[in-house]
Amino acid sequence: MPALLEITGLRTEFRLKTGVLKAVRGVDLTVEPGETLALVGESGCGKSITAASVLRLVPPPGRIVAGSIRFKGEDLLALSEERMREIRGNRIAMVFQDPMTSLNPVFTVGFQVAEGLRIHRGLSAQAAEREAVELLTQVGIPAAKDRVKDYPHQLSGGMRQRVMIAMALACGPELVIADEPTTALDVTIQAQILELLDRLMAEKRMGLILITHNLGIVAERAHRTAIMYAGEIVESAPTAELFENPLHPYTKGLLASLPEFGTPGEKLATFAGGVPDLRGDLAGCPFRERCPIGDDACERETIAMREVAPGHLVRCRKVS
Amino acid sequence: MTPLLTADNLVKQYPVRGGMFAEKRILTAVAGIDLELYPGETLGLAGESGCGKSTVARLLTGLTPPTSGSIKYEGRELARMSKSELAQYRKEVQMVFQDPFSSLNPRMRVAEILGEPLEIHRIGDAAGRRDKVAELLTRVGLSPEHMMRFPHEFSGGQRQRIGIARALAVSPRLIIADEPVSALDLSIQAQIINLLQDVKKDLGLSFLFITHDLSVLRHLSDRVAIMYLGRIVETGSRDQVLDRPLHPYTEALLSAIPSIDPGKRTRHVIAKGELPSPVAPPSGCPFHPRCPYAQPVCSEQRPELLEKVPGQRAACHFSEEIFLKETK
C-alpha cells in the first residue's frame with residue numbers, strides 16, 4: 001500500500017533579483033496514517049516552504065523545480081489546479097502559526113468553519129453551521145452555539161487557535177500540516193491545544209506533520225522526527241532514538257545548547273557562525289563551517305542520507 | 001544586605017472603554033506587588049502573557065508612573081527624587097527589550113545608537129565616545145568595524161547584542177531585561193544567554209530578568225518570582241520555586257512545559273480554562289477558577305503571599321495540605 005504522503009527529492013527555489021535562493025534542496029519524507037512526523041529546524045531552514053510545497057501554496061517567485069509529492073500514491077505535482085483545490089483544505093488541511101492573521105477578520109468564525117463544508121461537501125448554509133457548532137464543541141470551545149456568531153477579534157488567542165483546528169478538521173482530512181501551531185500561545189494554553197491535537201489524531205487516524213522549533217514538544221508528541229538545516233534533512237529517526245542517540249553534529253549542538261540541559265549559571269554550548277547563504281554555491285555539507293568534526297573532504301563531497309540504525313538516517317560522512 | 005531596588009505595594013491601573021457608550025472600566029495590570037532586588041543578584045520574573053510582568057518592568061524603569069505604591073532605589077523614593085537624582089537613576093537602571101527589530105532605530109548607525117546614551121548623560125568627548133563605542137562592540141562579541149552599519153545589516157542575534165551594548169554604554173548597576181531571548185532562534189538564544197551571564201559576572205551587575213520560558217529562567221536566575229494576573233503568587237530561590245513549588249499555578253506552569261528528558265516529565269497538571277480578564281478579576285484567589293485544588297474558601301478569600309518555608313513565599317490557602325504534607 002502506498003504511504004499516506006511520500007515526498008521524494010523535493011526542490012523548491014525562489015528566483016530573486018540577487019540570485020536563485022534554494023530554499024528546499026532535495027527533501028525526502030514519508031508520513032503514515034495515524035503518524036505524527038515532526039519537522040524541526042531554525043528560521044530559514046526550509047521547513048515552512050516544504051509544507052507549503054505539499055499544498056502547492058509556495059508564494060511567488062517561489063517554484064517547485066524537482067521531485068514528487070505522492071498523496072496515497074497520487075502525484076500532487078501532476079494534478080490540475082482544479083483537482084488540487086479538491087484536495088486542499090479537504091483531504092489535506094493546514095493549521096497556521098498565527099490565528100490572528102490567518103482568520104479573516106470580517107467574517108464570523110462560524111462562517112469560516114462552515115465554508116469548507118459548503119465548498120467541499122456541498123452542505124447547505126444551515127447544515128454547515130450546525131456542523132460548525134459541533135466541530136467547535138469538539139475542539140473545546142464552550143457555548144459554541146453563541147461563539148459561531150463571534151468575529152475572530154472577540155476570541156482569545158487560544159480560542160482562535162481552536163477555531164483554526166476546527167477549520168482544519170471540518171472536512172475530515174487524512175493529513176494535517178500544523179506549522180508552529182502553539183508558538184503564539186502561552187504554555188498552559190499550549191498544553192491544552194497539544195492534548196487536543198493528540199486526541200483527535202488518535203481518534204481519526206490522521207497523519208500529522210508538526211512543524212516546530214520547540215524540541216520539548218517534539219520529544220513528547222512526535223513518533224518520528226526530521227531535523228532540517230539549510231534546506232536539507234540532515235537527520236531523521238524515531239523520536240526517542242533521535243533524542244537518546246543524536247548523530248549529526250548539528251542535532252547534537254542544538255540539543256546541547258538548550259538551557260534545559262545546561263547547569264544553571266554555567267555556559268551553554270553554542271556553535272559559531274551562521275547558516276550559509278542559500279543563494280550561493282552549496283557544494284558539500286552546508287554545516288561544515290560550524291562543524292566541530294568536519295574536514296576538507298566535507299567541503300567537496302556530496303553527502304547522501306545513510307541509514308545507520310533501523311529507521312535512523314543521517315547526512316554526515318563523519319558518522320560511522 | 002540592603003536591597004538595591006525595592007518595590008512596595010506597587011499598583012498600576014489603566015482606564016479602558018468597552019465602546020462609545022460603554023462605562024469606563026479599570027484594568028488592573030499590577031495589583032499590589034512587593035519586590036526586592038539585591039546587589040549582584042538576578043531575579044527572574046515569570047508568568048504568562050497579560051500577567052503584568054512587562055508593566056512591572058515599565059514601572060521600575062520609570063517609563064510609567066505607578067497608580068499607587070512606591071519604588072525605592074538605594075533607599076530613596078523614586079517619586080521624590082530631584083531632577084539630577086532621577087537622571088542618575090535613569091543612567092544606573094538600563095533596559096534590554098524583547099524585539100531586536102523594533103527596539104533599534106532603523107535610521108541610526110550603530111555608532112549613533114550606542115553613542116546617544118553617552119551624549120545624553122554627558123560622558124566623555126567625541127573621541128572618547130568613539131573609543132567607548134568600539135569597546136562596547138567588542139564587549140558584546142561584535143567588531144568595531146560594525147560601527148558605521150545600520151541595524152538592518154545585522155541578524156536578530158547581532159541586533160540583540162547591539163541592544164545589550166546600548167544598555168551597557170552608561171555603566172549601569174541594574175539591567176532590566178524583558179524577554180531578551182524570546183525572539184531568537186535556538187542556537188542564537190544560547191549565545192545571548194551566555195553573553196548576559198558574562199556581562200553580569202564581569203561587571204557585577206544586578207539583573208531583573210523577565211521571561212515566560214522557565215528553562216531560561218532556571219538557567220539565569222538566583223531568585224524567582226511567579227506572577228499571575230497582576231500579583232506575585234510565589235517567590236523564593238530558584239531551586240525552591242522550580243523544584244518544590246508551593247503554589248498550584250507554579251506547578252501547572254512547570255508541568256505544562258514539554259520536556260525532552262523523559263525522566264523530567266511529571267504528571268500533567270493542566271490548568272483549566274484561560275486567564276481571566278484583568279478588568280474583572282475573579283473574587284478571592286485569582287487562580288481559583290483554573291485551580292485543580294480549589295475549595296469554597298478560595299473564591300471568598302484572597303490568600304496573602306506568606307512565608308511557608310524559610311525564604312519561600314506563596315499565596316495559597318492550601319500550600320501546606322497540597323505540597324508540604326509529605327515533608328512534615
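In this predicted model, two helices of chain B, α3(B) and α5(B), run roughly parallel to each other, because their axes cross at roughly 25° and angles under 35 degrees count as roughly parallel. The helices in question span residues 110-120 for α3 and residues 156-168 for α5, and their axes come within 8 Å. The crossing of α3(B) past α5(B) is right-handed. On the α3(B) side, the meeting residues are B:Val110, B:Ile113, B:Leu114 and B:Pro117, and their counterparts in α5(B) are B:Ile162, B:Ala165 and B:Arg166. By class, this contact has six nonpolar residues, one charged residue and no polar ones.

Helix α7 of chain A covers residues 157-169, 13 residues in all. From its first C-alpha to its last, α7(A) reaches 18 Å, close to the 18 Å expected at 1.5 Å a residue. Twelve of these 13 residues are buried, so α7(A) is largely enclosed by the rest of the structure. Among the buried residues are A:Arg160, A:Gln161 and A:Arg162, along with A:Met164, A:Ile165 and A:Leu169.

Attention can now turn to where the two chains meet. The contact draws 32 residues from chain A and 27 residues from chain B. On the side of chain A that touches chain B, the elements giving two or more residues are α8 (187-204), α9 (215-221) and α11 (249-256). The largest share of that side, six residues, is supplied by α8(A). Sorted by class, the side of chain A that touches chain B comprises 13 nonpolar, 14 polar and five charged residues.

Key:
Residues are numbered from 1 along each chain as its sequence is written. Chains are lettered from A and ligands numbered from 1 in the order in which they are written. This is a predicted model: local features need pLDDT of at least 70, side-chain atom pairs count only at pLDDT 80 or more; totals for chains, interfaces and linings use all residues. Two residues are in contact if their C-beta atoms, placed from the backbone, lie within 7 Å. Helices (H or I, at least four residues) and strands (E, at least two) are DSSP runs, numbered from the N terminus. Ala, Val, Leu, Ile, Met, Phe, Trp, Tyr, Cys and Pro count as nonpolar, Asp, Glu, Lys and Arg as charged, and the others, Gly among them, as polar. Axes are lines fitted to C-alpha atoms, for helices over the stretch in contact, and angles run from 0 to 180 degrees between N-to-C directions. Angles under 35 degrees count as roughly parallel, over 145 as roughly antiparallel, 65 to 115 as roughly perpendicular and the rest as oblique. A crossing is left-handed if the near helix is turned anticlockwise from the far one by less than a right angle, and right-handed if clockwise. The expected span of a helix is 1.5 Å times one less than its number of residues. A residue is buried if 20 or more other C-beta atoms lie within 10 Å of its own, exposed if 12 or fewer, and partly exposed in between; C-beta atoms are placed from the backbone.
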